[in-house]
Amino acid sequence: MPMPEAMETHGRSASLKKQQGTVRAAFEAFGECDEECAKVYGGGLDQLSEETLCHEDVVRRFATFLVEDWRAAGTGEHIGGATVLQYLSVLMNIIVNKYRSSDDAKTKKFCLSLAKHAPEGAWYRGLKAEVRKLCFKRALENVKRMAVALAHRSTPRAMETKFALRQTWASGGRAAESAYLLYTGLKWDYDQQCTVGLWPQLKTFKVKLAVFVAGIDASTCYYTDWGDVMALSQPPIFEDGEACFLNTKLSLAAHPARVLGASMKDLRKDCPELPEDVSAGGPRPGVVNYAPMHVDPMFLCHTTGHDGKGFSNLFEYMDASVAMAIPGAVVLAGWPALPRAQLGKAPVPADLFCLVTQGNRERMELFVDALFNMHSAAPPMLLQNGDLRPAVRACAAGIIMHYPERKREGRHAPSMPSRLRRWKE
C-alpha cells in the first residue's frame with residue numbers, strides 16, 4: 001500500500017476551486033484596469049511577489065475594484081455585497097495558504113488578519129464593514145431612482161406603486177405584504193411623530209409593527225409618497241366591518257408581488273442603472289443583508305420582523321415596540337444612523353400648522369380636505385379629528401416642502417393640483 005498523501009489544511013473541493021478560478025480571473029481584470037495597476041499588479045496572482053501580495057493595500061484596492069467596476073458574468077450588473085465579501089475571503093485565503101510558512105515578519109502579521117479577534121485583522125474587519133456600507137448605499141440609491149421615475153409618470157397607478165415600494169423598503173417586508181395593510185391597523189405615534197402599522201407577514205402568518213418615519217428628501221419620504229397617492233385619487237369608501245386597504249388597487253390584484261415586480265422591471269426603460277434582474281423580492285434581502293452595517297441586529301429584527309429568540313433569550317420576554325424599531329426606520333429613510341446600539345427619536349415630519357396662526361387652523365384643515373379629495377365616506381381616521389389626521393397633515397406639508405425641489409428636478413410635483421400651486425406661489 002502506498003504512503004497516504006499529507007492532508008491539506010485548506011479545502012480542495014470542486015466548488016472551492018471554481019470560486020478560486022473566478023477570483024483569479026477578477027484579479028487579472030483588476031491588474032489590467034489601468035496603466036498604474038498593470039505596473040504593480042499585472043500578470044495575475046501567481047506572478048506577484050510575496051512583498052506585494054502580503055500587504056493590505058492590494059486587498060483594499062481589489063475591494064474598490066469589485067464594488068465599483070467589476071460586473072457579474074452574463075448580466076453585466078454590479079455584484080452584490082455578499083459576493084464581494086466572498087471574493088475578498090477567497091483572495092485572502094489564497095494568499096495566506098501560500099505564505100503561511102514564511103519567516104518574514106510583515107508576512108506573518110498579514111497572515112494573522114484572518115484571525116477572528118486578532119488586532120492584526122482590525123483593518124480587514126473594517127474593510128468588510130465599509131463594503132457593506134457602500135453596497136447598502138447603492139441599494140438605497142436604486143430605491144430612490146425608482147421613486148423618481150415613478151414620480152415622472154404622474155399617474156395614480158405609478159403613485160400607488162411608488163408608495164407600496166416605499167412601505168416595503170421601510171418595513172423590510174416581503175413584496176406582496178404591503179397589499180394587505182389596513183387603515184384600521186394604522187395609528188399615529190405622538191411620542192415619535194410617525195405612523196405605526198400592523199404589518200402582516202404572509203410567510204410566517206404573524207404580524208409585526210411597521211414604523212414609517214419622514215424621509216431625508218423627496219425621494220425617500222413616506223409622507224410625500226402617501227400624499228401623492230391621496231392627491232391623485234379618491235379615498236376608498238369605508239364601511240364598518242369591511243376590510244379597507246391602504247393600497248386599494250394593489251389589494252385587488254390576484255398576485256400583488258407579480259404586479260410590483262412587473263412595475264419595477266418596466267422602470268428599467270427610464271432607469272437603465274437598475275439591475276437587469278430587479279424584482280419585488282429584492283427590497284427585503286437588501287434590508288436584511290446591508291442594514292446591519294448601520295443598525296444593531298438586536299434592533300433591526302424589530303423592523304424586519306425576524307424572531308429574536310435564537311439571538312437571545314431576552315426576546316422570550318421582550319415584545320415588539322416602536323422605540324426598538326426606530327433605529328432601523330431612521331436608516332431606511334435615508335438619515336444618518338443613530339449611535340450604535342442606542343435608541344433615539346425619529347425624524348419629525350414637516351408641520352403644516354407652522355405655516356398658519358392659531359385662528360387659521362380650521363381653514364388649513366379645509367385646504368387639506370380639498371387637496372386630498374376627502375369625502376364623508378372616506379376612512380374616518382383620515383378626516384378632521386381622526387386618529388391619522390396628523391399623518392394626513394404631514395403628507396400635505398411634505399408636498400409643499402418638497403415642491404421647489406421636485407420642480408427644479410423636472411418632477412413638477414404631479415400630485416400638486418393647480419389650486420395648490422396657486423396657493424403656494
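The entries below record what I looked up.

**Basis.** I worked from a predicted model, in which local features need pLDDT of at least 70, side-chain atom pairs count only at pLDDT 80 or more, and totals for chains, interfaces and linings use all residues. Residues are numbered from 1 along each chain as its sequence is written, and side-chain values use heavy atoms, with hydrogens and water left out.

**Whole chain.** I noted 17 helices and three strands; these are DSSP runs numbered from the N terminus, helices being H or I of at least four residues and strands E of at least two. Of the 425 residues, 48% are buried (under 20% relative accessible area, with exposed over 50% and partly exposed in between, 1.4 Å probe, protein chains only). The chain exposes about 21,300 Å², of which carbon and sulfur atoms supply 53%; accessible areas come from the Shrake-Rupley method with a 1.4 Å probe, and for residues only the protein chains shown count as cover.

**Helices 15 and 16.** I looked up the axes of helix 15 (residues 361–371) and helix 16 (residues 389–408), which come within 10 Å and cross at roughly 80 degrees. Axes are lines fitted to C-alpha atoms, for helices over the stretch in contact, and angles run from 0 to 180 degrees between N-to-C directions. The two helices are therefore roughly perpendicular (65 to 115 degrees; under 35 is roughly parallel, over 145 roughly antiparallel, the rest oblique). Helix 15 contributes E365, F367, V368, D369 and L371 to the contact, and helix 16 contributes R389, V392, R393, A396 and I400; contact means heavy atoms within 4.5 Å. I recorded the buried residues of helix 15 as M364, E365, F367, V368, D369 and L371. N373, which follows helix 15, has a positive phi near 55 degrees.

I found three strands in an open sheet, ordered 1-2-3 with antiparallel pairing; two strands pair if DSSP finds at least two bridges between them. Strand 1 (186–189) and strand 3 (206–212) are at the edges with a single partner strand each, so one side of each lacks a neighbour in the sheet. Strand 2 (residues 194–201) is joined to strand 3 by seven bridges, and T195 stands opposite F212 in strand 3.

**T303.** Is T303 buried or exposed? T303, in helix 13 (residues 297–304), has 4% relative accessibility and so counts as buried. Leaving aside neighbours within four places in sequence, I listed its contacts as A170, S171, K208, A325, G328, A329 and L332.
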